[in-house]
Amino acid sequence: MTTVPPPAAPAPDPISPVQAAALHDGVLPPVEEVRPGIWTIAVPFRSGVADATLAYVVEGADGVLTVIDPGWASEDGPEVLRAGLRDIGRSVDDIGLVVVTHLHADHLGAAAAIRRASGARVAMHRLEVEALRREHDDAVANDADIATWGLPDDLRAGVVAAWGSGRRIGLGRTEEPLADLLVEDGDLLPVAGRGLRALWTPGHTAGHLCFVDVEDGLLFTGDHVLPRINSGIGLGGRTGANPLGQYLDSLVRLEGYGDLEVCPGHEYRFRDVVTRVRALVRHREERTCHVAGALDDLSSPTLFEVASRVPFSGGIDSMSGFLLASALTQTAFHVDLLGRGDEVRPA
């Protein structure tokens with residue numbers, strides 16, 4: 001018998017009332033000073049999506065600015081960032097370093113444009129650079145996986161377009177050199193007078209980074225830990241490791257930083273990362289239990305049949321394209337973590 005763990009804890013309370021109110025109202029929050037010389041600027045996610053990327057601007061002792069996750073390159077994203085910088089009496093010309101937590105367009109997108117405008121260096125983890133360079137090959141290779149999932153005929157084309165060889169590559173976020181500075185686990189960022197240290201947290205993507213600023217009491221978590229959203233897993237290209245296992249291990253790494261204020265890539269700032277981490281772990285444990293239950297109940301199921309038994313938000317029947325592909329891929333990660341891959345029948 002498979003025992004489902006107790007429900008996860010509710011979302012943490014926001015530290016920033018204006019960020020929480022803006023999220024509720026579907027508008028951008030104003031620029032906020034998080035600490036002396038550290039601000040957050042909300043950049044629109046993209047047209048038609050009610051969300052924003054929280055970019056963080058850090059002033060070094062030499063006056064040079066570092067931007068963590070500058071947001072989208074297209075539409076009005078860069079102009080909103082420029083306006084936010086004007087609000088704090090600065091400009092793009094003052095930026096010397098752009099650091100990205102991971103390769104997704106809503107975090108990395110504007111980096112190349114900022115580098116062209118200011119000469120700033122762009123920094124990210126080595127694995128993100130490698131994933132960007134093989135992104136097209138990975139997308140084509142996904143076709144072979146999709147063919148085994150047992151998708152209904154009317155859904156297959158949309159999944160191939162969103163996840164396989166039809167996937168749009170780049171989204172305006174790639175420009176050589178992809179990175180001027182490679183950041184590894186434990187590296188101290190070159191920000192004068194600041195103690196920003198990188199923490200490698202793979203799972204959402206293979207080279208996802210969080211940044212720890214113990215002196216200022218801040219933990220920048222990108223998409224690794226968000227206050228209300230359960231981040232997708234394995235969204236940074238193909239890898240030989242199981243991204244779900246990596247994600248769970250990476251969550252545990254944050255338990256030593258429970259006294260720091262959390263500065264996530266979306267939504268709002270909050271406290272007590274430990275409680276949120278444990279809620280995210282329970283959520284994944286619950287998914288694993290549902291996958292195990294489906295394997296117990298079904299005889300030689302396809303991956304789609306297994307995923308149909310998992311209570312994804314909205315249900316598998318409401319999904320298509322990218323969301324459906326992500327749900328099926330994550331189901332496969334759970335199957336693999338259980339060591340029961342031989343029980344799933346290729347279609």
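**Reading helix packing and aromatic pairs**

Mentor: Let's start with helix H9 (residues 273-297) and helix H11 (residues 321-338), whose axes come within 9 Å and cross at roughly 80 degrees. This is a predicted model, in which local features need pLDDT of at least 70 and side-chain atom pairs count only at pLDDT 80 or more, while totals for chains, interfaces and linings use all residues. Residues are numbered from 1 along each chain as its sequence is written, and side-chain values use heavy atoms, with hydrogens and water left out.

Trainee: Which residues in H9 and H11 meet?

Mentor: Contact means heavy atoms within 4.5 Å. From H9, Arg-284, Arg-287, Thr-288, Val-291, Ala-292 and Leu-295 meet Gln-330, Thr-331, His-334, Val-335 and Leu-338 of H11. The residues of this contact divide into 5 nonpolar, 4 polar and 2 charged.

Trainee: And at what angle do helix H8 (residues 243-253) and H11 pack?

Mentor: About 80 degrees, with the axes of H8 and H11 8 Å apart. H8 and H11 are therefore roughly perpendicular to each other. Pro-243, Leu-244, Gly-245 and Leu-248 in H8 meet Phe-333, His-334 and Leu-337 in H11. That contact has 5 nonpolar, 2 polar and no charged residues. (Ala, Val, Leu, Ile, Met, Phe, Trp, Tyr, Cys and Pro count as nonpolar, Asp, Glu, Lys and Arg as charged, and the others, Gly among them, as polar.)

Trainee: How many aromatic pairs does a search of the whole structure find?

Mentor: A pair of aromatic rings is described by the distance of the centres and the angle of the planes. Rings of Phe, Tyr and Trp (its six-membered ring) pair if their centres lie within 6.5 Å; planes under 30 degrees apart count as stacked, over 60 as edge-to-face and the rest as tilted. The search finds 2 pairs. Tyr-56 and Phe-220 have ring centres 5.1 Å apart and planes at 70 degrees, so this pair is edge-to-face.

Trainee: Are Tyr-56 and Phe-220 buried or exposed?

Mentor: Buried means under 20% relative accessible area, exposed over 50%, partly exposed in between (1.4 Å probe, protein chains only). Both Tyr-56 and Phe-220 are buried.

Trainee: What about Trp-163 and Phe-322?

Mentor: Their ring centres are 5.4 Å apart and their planes at 55 degrees, so the pair is tilted. Trp-163 is buried, at 6% relative accessible area, whereas Phe-322, at 33%, counts as partly exposed.

Note on methods: Axes fitted to C-alpha atoms, helices over the stretch in contact; angles between N-to-C directions. Helix = DSSP H or I, 4+ residues; strand = E, 2+ residues; numbered from the N terminus. Parallel < 35°, antiparallel > 145°, perpendicular 65-115°, else oblique.
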